[in-house]
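Colleague: Hi! I'm new to reading structures, so could you walk me through the charged side chains in this one?
Modeller: Happy to, let me put it on screen.

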Amino acid sequence: MKSFKEFFEKYQWDEVKAKLETITLSDVERSLQKKNKTTEDFLNLISPAASQKLEVMAKMAQQITQKRFGKTIQLYAPLYLSNECQNICTYCGFSLDNPIKRKTLSETELMTEASVLKSIGVHHVLLVSGEANKTVGISYFLNAIRLLKPHFSNISIEVQPLSVEEYRQLHKEGVHSVLVYQETYHEEVYKEYHPKGKKSNFHFRLETPDRIGQAEIHKIGLGVLLGLENWRVDSFFNALHLDYLQKQYWKSRFSVSFPRLRPAEGIIEPNFNMSDKDLLQLICAYRIWNHDIEISISTRENEKFRDNIITLGATSMSAASKTNPGGYAVDKESLEQFETSDERSMEEIKKVIRKAGYDPVMKDWDAAYSGV
């Protein structure tokens, strides 16, 4: 079966980077005026030249989002299952070479964490873990989902890449969405960021969304870790990936996230800094290019940026997030994967959304819709 790898290899990182510098304001204006936009138009919209049209892009993104999704923001919270990991990743607090206390939630601890999230009104939960197949593998995930399914309307996961059959098992148990980030599409330097562990296999990770699509998961989420490499080039490859997946696995929905590298114990500093203005341009470009894609903003971002992006393209936001296993109640001092920037409570975030004239949505999906 075909995979994105074949499509990916038609493009060269340095050629895309060089082309970005040749894009003119006229190219940007032409792309903005087109009705049906291609990935080449997306490249124009994330170019340095397009920053001159940011106000126009923001207005367009707002209008498109309201027309397609209404004035709503879906709220969710992450639930970290484990910080155990067999990979060495130079940017992550969970990295194997980081001498930290490791923790994996027991069944009792998992339900204690879940009860806290339920108490603040969370219906959509994202399960996250480090990549440690022996301790937090498919059996652990399936058991966790069975325990949590009666208590949440929507369960998503962000864990290590799995096989098609394993994704099918998760789908059967009621997983709604699977998120997987390539981190960077710069194949030549990928190994430098991932020197040890299964994650060091660039192509196995690259083809993970194909396996998720083959398993007919309802929604697939992509993204790159902004700060590792040139954000414009990485984002172009991410858009290529999304475009391919939407055509290949048209029954699934798709989302994109924008994790900017945040401080964490024992990690590197960003190689490429990305300003708030840059991130706004990127989000607007995604919305103008693809009207249907869901856009998620995490608590990595600061309060001011999150407040402003509510009306400019976002469709979902995390809130009251803890990025350590047991962080809500069981073990508040366990190591975080990264520091959050927006630490406001769920109620505070809901008030901000309402003040902007939007509706905070706590539940818009139930497993009963799919017969699971």
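This is a predicted model: local features need pLDDT of at least 70, side-chain atom pairs count only at pLDDT 80 or more; totals for chains, interfaces and linings use all residues.

Colleague: Okay, first things first: why do charged side chains pair up at all?
Modeller: Side chains of opposite charge can pair when their charged atoms come close.

Colleague: How many salt bridges does the count come to?
Modeller: The count comes to 22 salt bridges.

Colleague: Let's pick one. Which side chain does E173 meet in a salt bridge?
Modeller: E173 meets K149, with 3.8 Å from N to O. E173 lies in helix α8 (residues 164-173) and K149 sits in the loop between α7 (138-148) and β3 (154-158), so this pair ties together parts that are 24 residues apart in sequence.

Colleague: And is E173 buried or exposed?
Modeller: E173 counts as buried because its relative accessibility is 16%, and buried means under 20%.

Colleague: Nice. What about D276, which partner does that side chain have?
Modeller: D276 forms a salt bridge with R260, at 2.6 Å from N to O. This pair also links distant parts of the chain: D276 is in helix α13 (residues 276-289), while R260 is in the loop between β6 (253-257) and α13, 16 residues apart.

Colleague: How accessible is each of those two?
Modeller: D276 has 34% relative accessibility and counts as partly exposed. R260 is buried, with a relative accessible area of 11%.

Colleague: Now K350 and E347, where do they lie?
Modeller: Both are in helix α15 (residues 346-355), three residues apart, which is about one turn of the helix. K350 is buried at 13%, whereas E347 is partly exposed at 41%.

Colleague: Which residues are linked in a network of salt bridges?
Modeller: That network links E131, E183, K199 and R205.

Colleague: Switching topic: which residues form the negative surface patch?
Modeller: The patch is made by D14, E15, E187 and E188. The elements giving two or more residues to the patch are α2 (13-22) and α9 (187-193).

Colleague: Let's zoom in on D14. Which helix is D14 in, and why does D14 count as exposed?
Modeller: D14 lies in helix α2. D14 counts as exposed because its relative accessibility is 57%, and the cut-off for exposed is over 50%.

Colleague: Great, thanks for the tour!

Notes:
Residues are numbered from 1 along each chain as its sequence is written. Side-chain values use heavy atoms; hydrogens and water are left out. Patches are made of residues with over 30% relative accessible area and no salt bridge: like charges are joined within 9 Å, nonpolar side chains (Val, Leu, Ile, Met, Phe, Trp, Tyr) within 5 Å. Accessible areas come from the Shrake-Rupley method with a 1.4 Å probe; for residues, only the protein chains shown count as cover. A salt bridge is a side-chain nitrogen of Lys or Arg within 4 Å of a carboxyl oxygen of Asp or Glu. Lys and Arg count as positive and Asp and Glu as negative; His and the chain ends are not counted. The place of a charge is taken as NZ of Lys, CZ of Arg, CG of Asp or CD of Glu. Helices (H or I, at least four residues) and strands (E, at least two) are DSSP runs, numbered from the N terminus. Buried means under 20% relative accessible area, exposed over 50%, partly exposed in between (1.4 Å probe, protein chains only).
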